[in-house]
Protein chains: 2
Amino acid sequence: MATDVSQPEAESTRSESGYRQPQPSVAALTEFLDGEYAEVRALVRSNLAKHRELLHEAEELGVDAYRDRVRDVLLEVAATGQTALGMPKEYGGAADVGASVAAFETMAFGDLSLLVKIGVQFGLFAGAIQQLGSREHHDAYLPGAIDGSLLGCFAMTERGHGSDVQALGTTATYDPATDEFVINTPDDNSRKDYIGNAARHAQLAVVFAQLHISDHSEGVHAFVVPLRDGERVLPGVRIEDSGRKLGLNGVDNGQIWFDDVRVPRTALLNRFADVSTEGVYSSSIDSPNRRFFTMLGTLVLGRVSVGGGGINASKVALNIAVRYADRRRQFAAGDDQPEQLLLDYGQHQRRLLPLVAHTYALHFAQEVLVERLGEVFGSEDADEDTRRALESRAAGTKAFGTWHATRTIQECREACGGAGYMARNRFAALKADTDVFTTFEGDNTVLLQLVAKGLLTGYSSDFSDLDQLGMVRFVAELAVETVIERTSVAKLLERVKDLLPGGDEWDQEAGLLDPNFQQAMLRFREEHMISGVARRLKSGVADGMDAGEVFSAVQDHVIATARAHVERLVLDAFIDKVAAMPDSDEKVALGLLVDLHALTTIEADRAWFMEHGRLTVQRSKAISREINSLCRKVRPLAVDFVDAFGIPEEVLRAEELLSWQ
Amino acid sequence: MATDVSQPEAESTRSESGYRQPQPSVAALTEFLDGEYAEVRALVRSNLAKHRELLHEAEELGVDAYRDRVRDVLLEVAATGQTALGMPKEYGGAADVGASVAAFETMAFGDLSLLVKIGVQFGLFAGAIQQLGSREHHDAYLPGAIDGSLLGCFAMTERGHGSDVQALGTTATYDPATDEFVINTPDDNSRKDYIGNAARHAQLAVVFAQLHISDHSEGVHAFVVPLRDGERVLPGVRIEDSGRKLGLNGVDNGQIWFDDVRVPRTALLNRFADVSTEGVYSSSIDSPNRRFFTMLGTLVLGRVSVGGGGINASKVALNIAVRYADRRRQFAAGDDQPEQLLLDYGQHQRRLLPLVAHTYALHFAQEVLVERLGEVFGSEDADEDTRRALESRAAGTKAFGTWHATRTIQECREACGGAGYMARNRFAALKADTDVFTTFEGDNTVLLQLVAKGLLTGYSSDFSDLDQLGMVRFVAELAVETVIERTSVAKLLERVKDLLPGGDEWDQEAGLLDPNFQQAMLRFREEHMISGVARRLKSGVADGMDAGEVFSAVQDHVIATARAHVERLVLDAFIDKVAAMPDSDEKVALGLLVDLHALTTIEADRAWFMEHGRLTVQRSKAISREINSLCRKVRPLAVDFVDAFGIPEEVLRAEELLSWQ
C-alpha cells in the first residue's frame, strides 16, 4: 500500500527502458478511421464547412426561419449527391448503403437538426418508398424524394403506440366500390405523433396503418398519403405542430389526424403484400408475424444511422474538451510553479480518456455493423438468421452509441466548466439535440430487450417471428426447450476456455493486457448471463407464474444480458480491427486505447466478475492500477486521438476553449 | 438459482402474512417534508402558482423580453416578502437563514431562471453587502437591494480564475492622494465572466479584486462599484452580454472589464478589513489565509441554496415520470390481457424508485445542513471547526444534490419517451437550466476535494488555512503528522464495531435492513478510504515526489473518499430523521425508502465492499434481491411519495403525461 503512490514514478522509469511511446501520425489515424468511405466523408466535411453558419443561425433564428433554413441547406446538400448514395443507381444513387451511412454519420459533426431532417427525408421517407414500394412507386416518388423537390414524412409512431408498432391504431380500410383505401384516425391515442417534416414541409406521408379488408385485419402496412398541396393542408387531414422541443428545433415535427382520407388502391406500398381490385389480399410472405417483421426490418437502416450519429456527436464533444484540457491551466503546486494543465490531473484523465477509448471502440463496432449491413442489403437472399443477427447488432449498437453520446457530451460539458454552458461552445446544442437519440428509432431499453430475445432464441426459432418488441408476449408463449439448449454451464465454460490456455485458472494467469483475456472475460459473462436468464424464465413459466410477472421479475437480468452481449461485440470489433493493422506506431497507439477500453469495461462491472469467481480482489485492484497507468500513457497522445476524428475546424466553433491561453 | 424467479411470488405470499403495506397519508408526508418552514413553503407555492405563466413564456418570448419578464416577476415576488427572509429585521427581513433557504429551494419547483435571478440578487448581491459590509453599506444599499429597486451583481468569477478565487486578476489599488480605489482589469483572463444581472439589469456590482496598497498586495477583497446609471453603462466600465446559454436564458449574464474605475475608499466592504485614509491596512483577522477564507465563507449560503435547488428540481421530474408510469400502459402479456402499466415492469421500478428514495434522503440531508447553517449563522462565536465542518457539509451536499438532479432529470426524461422531449412537458427546461448547477457556486469535483481536505486535516489544522481549493498546494506543504493520526486501522475498526454487535463478523451477521448494518458499512468505507489516502499522500511526499505528481496520482482516491463521506452523511441524516418520527404508517413507509436508499448505495459500490472483505458474494447477491423486493413494496406507494413533494399542480404542466389514459 505504501508503495502505491510511487508506482507512477516506477512506471515512468520503466517506460524509459521498456515502454516506447508511439508517435502516431494524425493523418494516418484519420485515414484508418475513415476506412473505405474516405471520399464520401471528405465530401461531407466540405459540405459541413460550407454550411458552418447554420450552427450559429440555429441560435439566432426564430423557429420557423430556422426550420426553413434547414430545409434550404438540405436541398443544397442534396444537390451534391451526398444524400442519395443509398438509392438505386437508376435514380441517381450509388446503391451503396455503407456509403450512405458513412455520409450520414459524418454529418453528425454539424448541426443536428439538419442531420435529422436528412434522415427523415432520405432515410425514412425515401427509404420506405424504395424498400417497401414497387417500381411504380419508385418512378412516381423517388426522383422528387431524392432531389428534395418532394418532401415527405414517415408516419409510423402514434401517441399511444410508440414502441409497440404492432398495436398501431390508424386504419386503412379497403373500399372495393371505389378501389380505394380509407385512412382514418379512430382516437387520439392513434394520432401520428412527433412526425418529422409534418408540421411545415411535407407534401406526402408514408403512413403505417392497420389494413382492413371486409372487417378482417391483415396487420400493419404502409400507404402513400398526400398531406399538402403547396402549403395548403388537404381536406380530411389535420396537422398540428408538435411545439417546441428540448432540441432539434430545426425539424418541424407534427401530429397528424386522418378523417376518412381516401387514397387509390395503388397507394399501398406493395413490395411484400398487395390487395387486388376485388379486395383479395396476397403476400409473398405467409406468416403475418414474419411479414410485419420484414416490413419493420427496414427500420434497421435508421437505427444504424442514429447510432453512428451518436458516436460522431460524441467525437465533437471530446475534441473540444480534450483540447481545452490540454491548454487550460488551473492551480499551481507552489508559488514558484506554473499552474498545472487540466489534462495532467489524474481525475481529469479518468474523466475523459476512457471516453476517448470507448468512442474509438464504438467507431469500429459501427464499422463492422455497416459491413454486415452492406452484405445483407447487397444480397437478395440473405437468410433470416443473418438478417436477425444484423437487426440485433444494429439495435445494440444504436443503444450503446446513443447512451454513450448522452454520457460523453455531459461529461465534456462539465469538464469545460462554465464556458461549456455557453451556446457558442457547442455543448448546448450537442446535449439538447442528441438527447432524444436514446428514444427515437427505438427506445434503447426496448431495443436491448430485442437483443436479449435474439440471444435466447439463437435468432432462429419460431419465437423470433413474434413482433420484435413484445418480450412479455414472448415469455407468455415460451417453450422451455427453445432456450434450454444453451444453458449447459459445462459447455459454456468449454467455449470460453477455448480462447485461453491455463485451464480453470485461465483468468488468474493471463496478463491483463492480453486481448484473449479481455475477450474471454466478456464472453464468459455473456454466456453465463444468457444461461442464467434462460433458467429463470424457464423456472418461472414452469412454476405456472403469469408471463408478465415472470418477465417483470427477470427484466433487469434480460437487459444486463443484452448489455453484456453488446459490450462483447464492441470489444471484439475493436480488437479485430486493430489486430488487422500492419505494424506501425498507429497500431501501438490504438493498442493502448483497446486496453483502456477493455479494462475500464471490465472494471465497471468488476463486482459481477468477483461475484462469479472470475476476478480476485487482488486482480480487481490491479486492473484499476493498470487503468491509471494506461491513462498516463494515453495522455500525451490524447490530442492526436481527438484530432484524428477529422472534424472540420469550421464546425467546432468553441474558439475561446480551443485557443485558450 | 432455479428458485430465483419464484421469489417474488414467495415474498408476496410472505407479505400477506408478515408484511403489512403501510398506508401513509400524503398530507402527513408533505407536512413532514416541509418541516418547520411549512408556512414559508406555502407562501412560495402560492407565488409559484400565481406566476405559472412564466414557464410558458420562457419558451415563447425572445431573450430580452424573457429577461425583463423574469425581472418583473422577481419584483412581484420580492413584494411578498419571500426573498427577504434571511435579511436583518431592521431592513424588513426575518433574520432567519433557514427560512431563506427553504423559500429558495421551494422556488426550484418553478422557472429556474427566476430562481437563479433571485439567488443572484438576494443571495449573492444583497448577501455580500450584508455579510461583508458594515452598517453604512447596509443603510446605503440593503433597502433597495431587498425591494429590488437596486439590482446588483456579484462579480467574483473571472475568465481565467473560475475555481481558484485566490488567483483573481482584477486589482483595486488604493490612491491616498484622492482617498479612492482604482479598479482595473489587467488582462482578458481577468475579465469578470458569466456574471448574473450584468448584461442588462444591474446598477451596482460587488467586485472581488486584489487589494493593492503601495505596491503591496493584501489579497482578495470586495468593493461596491457602480456599473450603470439607468440603462447607461458608466465610463470606464465595459459590459458584454455572455450570449445564449444552454439554459437559464432568463438571466442576463455578462462579462465586465474595468478600466481604472475610481471608487471612494468607503466602497470597500469593510467588515473584516479596512484601509485608512493614510493607506494603512487593518483587519480583525490576522492570518491572510484565514481572512480570505472567512470572506469566501459567505459563499456557503449560495452552495446550500443551489444544492437545495437541485434536489427540488429533481422532485418535479420524478413527480411527472412516476405519475406517468402509473398511468401509461405498454405491451400486453397476451391477446386477452390488458397492456401492463410501465411502473409494473421491474426495470422501470429499478429506474425510478431508487431515485425517489435518494431524493428523500437528500431532502433530509439538506434539512440537517440547514439546521447546522442556522446554528452557525445564529451565533457570532461559532468556532472555526464548526464553520469548516459546515462548509464541508455544504460543499458535499451541493455536489451530490446537483449531480443527482442531472442524473434524475435525464432518467425521467428517457422514462417518458418522446413526450419527455417536448418542451411543454417540463423536462427540456429542467435539463437545460439545472445543467450548470454542477458547475456554478463551485465546480462539484473541486468541492469534493475541499471535502476531502477537511477529512484529512480534521478541519482544525493549519492546513485548512490554505485557500479552500488548492489541493495541490495543500499536498505541497503537507506535514505528514497532520494526517497520520487518523490512519490507525485498528482504531478505525474499533470505531465501526461500536455500531454493531458481532465482533469481527458484524457485517456477516447483521440483517440487511438493520440501519446499524447500513451505517456501519458506509462508515467503515469512509474511514478506510481516509486512512488509505492519508498513507498514499504521506508516502508520496516522503519519497520526495513532486507535490503535483503525488496529488495527480492520488486524486481519484481523494474524490472517492469525499464521496464516501458525503454518502455516509446523507444516510445518517435520513436514518436519524425517520427514526425520530413517532410510530405511524408514514414512518413505516419512509422506512422502506431508507432501506432502498441504503441498499442501492451499497450495491452501487459493492465491488469496493467485496474488495475490502466487507461483503461476500452471497451477501452481495442477497442485497440485489432485497432491492428488487423493496421496489415491489414501494411501487404501490410511489405516487403518494412523489405527490407528497407538494409541487403545485399549476407548475407541473405536462398535462398530456399526467392525465394519460
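How many helices and strands make up the secondary structure of chain A? In this predicted model, the count for chain A is 26 helices and 15 strands.

**View 1. Chain A and its domains.** Chain A is divided into three stretches: domain 1 covers 26–147, domain 2 covers 152–288 and domain 3 covers 299–642. Of the 661 residues in chain A, 58% are buried. Taking contacts in chain A between residues at least 6 apart in sequence, 74% join residues at least 24 apart.

**View 2. Domain 1 against domain 3 in chain A.** Here 23 residues of domain 1 of chain A are in contact with 22 residues of domain 3 of chain A. On the domain 1 side, two or more residues each come from helix H2 (26–34), helix H4 (53–60), helix H6 (97–107) and helix H7 (112–132) of chain A. H7(A) gives the most to this side, with 7 residues. By residue class, the domain 1 side holds 14 nonpolar, 7 polar and 2 charged residues.

View 3. Leaving out residues up to four places away in sequence, Phe223(A) touches Ala172(A), Phe181(A), Ile183(A), Val207(A), Ala209(A), Val263(A), Ala267(A), Leu268(A) and Leu269(A).

**View 4. The contact between chain B and chain A.** Chain B supplies 79 residues to the contact, and chain A supplies 79 residues. Helix H20 (residues 547–579) of chain B gives the most to the chain B side, with 10 residues. The residues of the chain B side divide into 29 nonpolar, 25 polar and 25 charged.

How values were computed. Residues are numbered from 1 along each chain as its sequence is written. Chains are lettered from A and ligands numbered from 1 in the order in which they are written. This is a predicted model: local features need pLDDT of at least 70, side-chain atom pairs count only at pLDDT 80 or more; totals for chains, interfaces and linings use all residues. Two residues are in contact if their C-beta atoms, placed from the backbone, lie within 7 Å. Helices (H or I, at least four residues) and strands (E, at least two) are DSSP runs, numbered from the N terminus. Ala, Val, Leu, Ile, Met, Phe, Trp, Tyr, Cys and Pro count as nonpolar, Asp, Glu, Lys and Arg as charged, and the others, Gly among them, as polar. A residue is buried if 20 or more other C-beta atoms lie within 10 Å of its own, exposed if 12 or fewer, and partly exposed in between; C-beta atoms are placed from the backbone. Domain bounds come from an automatic or database domain assignment.
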